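Here are a few notes to read with the model open on your screen. Could you follow along and check each point by eye?

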Amino acid sequence: MDIFHVLSKKIKGGVLNEDEIRFFVDSVTNGRMEDYQISAMLTAMYIHGLTCEELFSLTERMAYSGDFMPLAEDPMLVDKHSSGGVGDKISFICSPLIASLGMKIAKMSGRGLGHTGGTIDKLEAIPQIDINLSTAAFQHVLDEVGCVISGQTGNFCPADKKMYALRDVTATVDSLPLIASSIMSKKIASGAKNIILDVKCGHGAFMKDLRQAQSLAHLMLDIGSSFQRNMVVLITDMNEPLGCCVGNALEVIEATEVLKGKEIADLKEISVAIAGYAMVLTGLEANPEKAMHKAAEHLKNGKAFSKFRQMITMQKGDPSFLEDYERLPLCRKRVEVTAPVSGYIKDIDSELIGIASMLAGAGREKKEDTLDYGAGILFNKKISDPVKENEVLATLFCEDEKRALEAKSVILDAFQIDRFRPERKTKILKVMSNIELEGDA
Ligand code: URA
């Protein structure tokens, strides 16, 4: 088999067989294929799409392209993944929540790909935290606490890493089969039998509308079924940032507050649903409503918070911030963004908020940029809230005056104020699964 012929077959719209897909992925992994050849193949896949067989073979080969997560098979083990959104700190809430309910969740997370910091960037805002756990330490924290969050180690899905980096610069990210195989290869390599995916949908997400998000969910559920994984996919709204904060230290504080029982509606709704469906997938509870009720209890009674403290402490983080947020590196310089007119908040464009938070220093423009963990945005208003002219819409945390001015104007552009009050909607737009869920028609 040679690269030119496999490439030529796909470019002309042919269907690659299992051996050809394997040859392609192996050539990406072992460096035999040049970047321009990989990019040409990704472009051909983007244009012609993939058959189910091509999709399953591609996912499988990518999953096996590196190390597997070295975890013992455990029916109580759950994996959770979000397709990425602005202000998404759900992993910090649902991981200890899941652990407090008697399950286990091991998360190897990445740094930010888009404008805002990723889960690991956010975690790193906690003084002294170790996000580079060795395999043994990772397993030890998981065994002791039931949840662990660490950076991705060495050779995990190297083919996806290489292909994602090239898709990012060749405008081939937003292909449903390429996104599905990229996400699912990492889920398969992580080993958990129970997988919950949070597919974000809206202007701050890869998937701009519900129809597209459902198509992606179907592809990922099909892949999951072909690998005997039990899955639930939640499609959740990303038409405004999640919660009331965007920024690394700010989001750690907000997640801590929810774990202490504070009612922040959207964060609670999604975290409780993820933990509830985790109970259904692991067989701890058959009825999703009952499971979610139990999960909500654990946010109220401090059991989830106690797991969070234990996880931070075992990962060598200084837990004193849990009682004194001043111990986190928050920017001293703050700028208030005020409403130009009175009315109701109609829209907060998450994509623009992501850009504003990046300008403030909370995200990266280029891979090598350093983050200011204390930078970010705190929202005083969310969609449907009433606002008076000159009332504060948001507070920007940013040390650099010039960047603060730029970010402030982007935040103002992100807020749309209307005379009429829009309805406040729930954040979970759809629940899909490849197992039968109690209560489903
Ligand atoms: N997240 C991933 O891991 N891969 C994609 O292709 C898109 C989002």
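The points below go through a sheet, a helix lying across it, and a pair of helices.

1. A word on the source before anything else: this is a predicted model, so please read the points with that in mind.

2. Start with the sheet. It is open and built from 6 strands, in the order β3-β2-β1-β4-β5-β13, with mixed pairing. From one strand to the next, the twist averages 20°.

3. Which strands stand at the edges? They are β3 (147-151) and β13 (428-433). Each has a single partner strand, so one side of each is left without a neighbour in the sheet.

4. Now look at β4 and β5. Residues 194-201 make up β4 and residues 230-237 make up β5, and the two strands pair in the parallel sense over 8 bridges.

5. Next, helix α12. This helix covers residues 265-282 and lies across β1 (77-82), β4, β5 and β13. Relative to β4, α12 runs at about 150°.

6. Last, the helix pair. The axes of α5 (residues 90-100) and α11 (residues 248-259) come within 8 Å and cross at roughly 35°, and the crossing is right-handed. On the α5 side the residues are Phe92, Ile93 and Pro96, and they meet Ala255, Val258 and Leu259 in α11. Sorted by class, this contact has 6 nonpolar residues, with no polar and no charged ones.

How values were computed: Residues are numbered from 1 along each chain as its sequence is written. This is a predicted model: local features need pLDDT of at least 70, side-chain atom pairs count only at pLDDT 80 or more; totals for chains, interfaces and linings use all residues. Side-chain values use heavy atoms; hydrogens and water are left out. Axes are lines fitted to C-alpha atoms, for helices over the stretch in contact, and angles run from 0 to 180 degrees between N-to-C directions. Helices (H or I, at least four residues) and strands (E, at least two) are DSSP runs, numbered from the N terminus. A crossing is left-handed if the near helix is turned anticlockwise from the far one by less than a right angle, and right-handed if clockwise. Contact means heavy atoms within 4.5 Å. Ala, Val, Leu, Ile, Met, Phe, Trp, Tyr, Cys and Pro count as nonpolar, Asp, Glu, Lys and Arg as charged, and the others, Gly among them, as polar. Two strands pair if DSSP finds at least two bridges between them.
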